[in-house]
Structure formats: C-alpha cells, structure tokens
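Thanks for asking me to look this one over with you.

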Amino acid sequence: FEQATDPRAPHFAAQPLGAPPPAAPAAGGPPLPEHATVAMGHLHQTVLELPSSVATPGAADPDAFADSERAALARHLNWALASDEHASASLPIDPSCSAFFGAVANGIVLSKYALRVDSTALDERALNLPGERGQLLGREDMLQNQSLCLNAATAIGCGVPGLTPQQMVDAPPSGQQRALQLVWNMVRSALLNPIQASKNPEIHGMLLAGEDPASLARYRPEKVLQRWVNHHI
C-alpha cells in the first residue's frame with residue numbers, strides 16, 4: 001500500500017446516510033471540509049452499493065441497476081432534497097418500489113439536484129412549479145422541466161445518450177435504466193467532485209516522498225479516495 005510521509009494528511013470517518021459530520025476531528029490530523037466528510041458517509045451507503053460498470057457517465061447499461069441500487073439512489077435523493085420547498089412535495093421516494101420514476105417525472109426533483117452538482121447548471125426561475133393551491137403540473141410543463149434538466153445534466157458532464165424528456169415523464173421500461181443512469185451520474189458528481197486537491201489543500205498531506213504536488217492535483221476523485229484509504233491502512 002502507498003504510505004504518505006506527512007502525518008497531517010486529512011483524516012475523516014464514514015458517516016451513516018444523512019448524518020452530520022463529527023463534532024471533533026479524528027486522531028491523525030485535521031479533517032477534510034464538511035462536504036468531504038459527508039461525502040464519505042454517502043459513498044459508503046450510496047456509491048458503494050452501485051456496480052462499478054455504471055461509474056462512467058453515459059454508459060446506460062440496460063442491465064446495470066438492480067432494485068437495491070435504485071433504492072440507494074432514492075434514499076440519497078430523500079436526504080439531499082428533504083429541505084427543498086419545491087422538491088420536498090415529491091418526497092420521500094419509497095426506496096422499496098418503483099415509485100422512484102413517478103417522483104422524478106415532473107422534472108423538479110432532478111433539476112433541483114442538478115443545482116447541487118453545479119449551482120449554475122440551470123436557471124431555477126425557468127422551472128414550472130405547482131400552483132399555490134397544489135395543482136399538479138400538466139404534461140407540457142413536465143416536458144419543459146425535463147428538457148431543462150437534461151440540458152443541464154449534459155452541460156455538467158452527466159448526460160445520458162438517448163434519454164429524452166418523454167422517457168423521463170412516461171418512464172417506459174426501455175427508458176428506466178437510462179433514467180437511473182442519469183441520477184447516478186449526478187449523484188456521483190455531487191459526492192466526488194469536491195474531493196480534489198485543488199479544492200482541498202489538506203489532501204497534499206498525502207503526497208509520497210519526492211512526489212510532485214501537481215501530479216496529485218491531476219488525480220480523479222476516486223484516486224484521491226484510494227490514496228486516503230491506503231494512507232490510513
């Protein structure tokens with residue numbers, strides 16, 4: 001295993017889904033910022049429950065997602081958007097059944113989640129929202145929301161080839177796996193993108209002897225996490 005030379009390398013522990021970060025740093029050095037600590041908990045219960053074959057955005061393998069994997073994505077969306085005043089009307093999603101597709105059909109839930117990945121991904125003011133009296137959105141409104149969401153997902157590198165607004169609204173069997181792929185792409189980006197040396201200087205504490213800091217800055221988030229695990233082993 002790789003062993004870093006600096007004992008001050010970032011140290012953080014996995015937390016249950018939705019749990020707050022620990023109150024005090026764990027022994028061995030300062031923790032990463034809060035979003036990285038929370039990400040470890042979600043990686044444990046969300047990312048690690050999903051097959052490695054779908055980790056590449058756009059893969060859209062029709063056999064990729066099992067019911068348990070869909071449930072993991074549902075639990076994460078329930079946690080991530082619980083306090084959103086507009087998305088919460090469609091939550092919580094029952095992780096034990098296919099209600100997932102009905103909950104995301106109106107385009108609000110995933111559009112709001114896209115904003116968690118990148119706050120500039122879309123203009124929230126363009127979303128069609130239910131009326132003050134709780135009127136349901138019409139089909140055209142939902143299709144417009146889904147178009148906005150899919151365009152935003154593509155812009156932030158989470159798009160899925162062949163996925164259409166109609167498939168997101170109607171959830172035909174032929175489109176369900178692509179829809180899940182879209183959600184996984186966004187969840188992966190939301191959890192892993194912040195874990196980069198350029199955003200968290202503490203990660204440089206895991207440099208190997210004689211290693212150029214610039215090389216660590218080029219690592220993908222998965223590689224940074226692998227380095228962290230090896231460091232603490």
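1. Let's begin at Ala214, which sits in helix H8, residues 213-217. Is Ala214 buried, exposed or partly exposed? Its relative accessibility is 34%, and because that value falls between the 20% and 50% cut-offs, Ala214 counts as partly exposed. If you look for His204, 10 residues away along the chain, you will find its C-alpha atom 9.6 Å from that of Ala214. Please keep in mind here, and in every point below, that this is a predicted model.

2. Now step back to the whole chain. The protein chain has nine helices and zero strands, so reading from the N terminus gives α-α-α-α-α-α-α-α-α. Of its 233 residues, 47% are buried. Contacts in the protein chain with a separation of 6 or more come, in 61% of cases, from residues 24 or more positions apart.

3. Helix H2 (residues 67-80) and helix H4 (residues 108-117) have axes that come within 11 Å and cross at roughly 75°. H2 is therefore roughly perpendicular to H4, because angles of 65 to 115 degrees are placed in that class. On the H2 side the contact uses His76, Leu77, Trp79 and Ala80, while H4 brings Val109, Leu110, Tyr113 and Arg116. Sorted by class, the contact of H2 with H4 has six nonpolar residues, one polar and one charged.

4. Between H2 and helix H3 (99-104) there is a loop, and Pro92 is found in it.

5. Which rings make up the aromatic pair, and how are they arranged? The count comes to one aromatic pair. Phe100 and Phe101 form it, with ring centres 5.5 Å apart and planes at 70°, so the pair is edge-to-face. Both partners are tucked away from the surface in the sense used here: Phe100 is buried, and so is Phe101.

6. Further along, Arg125 lies in the loop between H4 and helix H5 (139-155). Arg125 counts as exposed, because its relative accessibility is 75% and the cut-off for that class is over 50%.

7. Helix H6 (residues 165-170) holds Gln167. Is Gln167 buried or exposed? With a relative accessible area of 15%, Gln167 is buried, because the value is under 20%. Leaving aside residues up to four places away in sequence, Gln167 touches Gly162, Pro172, Ser174, Gly175 and Arg178.

8. My last stop is Ala171, in the loop between H6 and helix H7 (173-192). Ala171 has a positive phi of about 50°, although it is not a glycine. Ala171 is also buried, because its relative accessible area is 16% and the limit is under 20%.

Key
Residues are numbered from 1 along each chain as its sequence is written. This is a predicted model: local features need pLDDT of at least 70, side-chain atom pairs count only at pLDDT 80 or more; totals for chains, interfaces and linings use all residues. Side-chain values use heavy atoms; hydrogens and water are left out. Axes are lines fitted to C-alpha atoms, for helices over the stretch in contact, and angles run from 0 to 180 degrees between N-to-C directions. Helices (H or I, at least four residues) and strands (E, at least two) are DSSP runs, numbered from the N terminus. Angles under 35 degrees count as roughly parallel, over 145 as roughly antiparallel, 65 to 115 as roughly perpendicular and the rest as oblique. Contact means heavy atoms within 4.5 Å. Ala, Val, Leu, Ile, Met, Phe, Trp, Tyr, Cys and Pro count as nonpolar, Asp, Glu, Lys and Arg as charged, and the others, Gly among them, as polar. Buried means under 20% relative accessible area, exposed over 50%, partly exposed in between (1.4 Å probe, protein chains only). Rings of Phe, Tyr and Trp (its six-membered ring) pair if their centres lie within 6.5 Å; planes under 30 degrees apart count as stacked, over 60 as edge-to-face and the rest as tilted.
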